Every structure is written in C-alpha cells, then in structure tokens.
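Grab a pencil and work through these exercises with the structure open beside you.

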Amino acid sequence: MTHRPSVTDDGHDSPFLTPAEVAVLLRVSPETVSKWAKQGRLDGVRTPGGRWRFRREVIAAFLAQQ
C-alpha cells in the first residue's frame, strides 16, 4: 500500500496550495489542476500575477468526495 500525501502533512503552514502541490495529492498533472480550475471543477483563486492557488480545505473536501 502506498502512502497518499495528506493536505495537512506537507510541512507548510500556508493556507494555499500551488497547482503542483494539488497535482501530487490528486495524482494528476499540474496542467490538469489548472484546467479543472478554469472549468470550475476545482475552486481556486488567481494571484495578481495570474497563477492559481487553492485553499487547503477546498482540496481536502474535494479529496473526501472522491
């Protein structure tokens, strides 16, 4: 059995995750995470620089539904 990373066990204290961090948790590519955000499948926010960020609790809820 492989360990699936938890939204809370990455050692960071930021309330936000990057697409790359979310991709590891969901086992998809960062591009897929961004695509899902654009489609509204994942609730994310854009930084002033145009990059996606995702709240930890939103991703935890998404994982719980899967």
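Phe54 has a relative accessibility of 0% and so counts as buried (buried means under 20% relative accessible area, exposed over 50%, partly exposed in between, with a 1.4 Å probe and protein chains only). Before going on, note that this is a predicted model, where local features need pLDDT of at least 70, side-chain atom pairs count only at pLDDT 80 or more, and totals for chains, interfaces and linings use all residues. Residues are numbered from 1 along each chain as its sequence is written, and side-chain values use heavy atoms, with hydrogens and water left out.

**Exercise 1. Find the partner of Phe54 and classify the ring pair.**

Step 1: Rings of Phe, Tyr and Trp (its six-membered ring) pair if their centres lie within 6.5 Å.

Step 2: Check the planes: under 30 degrees apart is stacked, over 60 is edge-to-face and the rest is tilted.

**Exercise 2. Describe the aromatic pair of Trp36 and Phe62.**

Step 1: The whole structure holds two aromatic pairs. In this one, the centres are 6.1 Å apart with 45° between the planes, which makes it tilted.

Step 2: Now place the residues. Trp36 belongs to helix H2 and Phe62 to helix H3 (residues 56-65), so the pair ties together parts 26 residues apart in sequence. Helices here are DSSP runs (H or I, at least four residues), strands are E runs of at least two, and both are numbered from the N terminus.

Step 3: Trp36 is buried at 13% relative accessible area, and Phe62 is buried at 11%.

**Exercise 3. At what angle do H1 and H2 pack?**

Step 1: Take the axes, lines fitted to C-alpha atoms over the stretch in contact, with angles running from 0 to 180 degrees between N-to-C directions. H1 (residues 19-26) and H2 (residues 30-39) pack at about 100°, with axes 8 Å apart.

Step 2: Under 35 degrees is roughly parallel, over 145 roughly antiparallel, 65 to 115 roughly perpendicular and the rest oblique. H1 and H2 are therefore roughly perpendicular.
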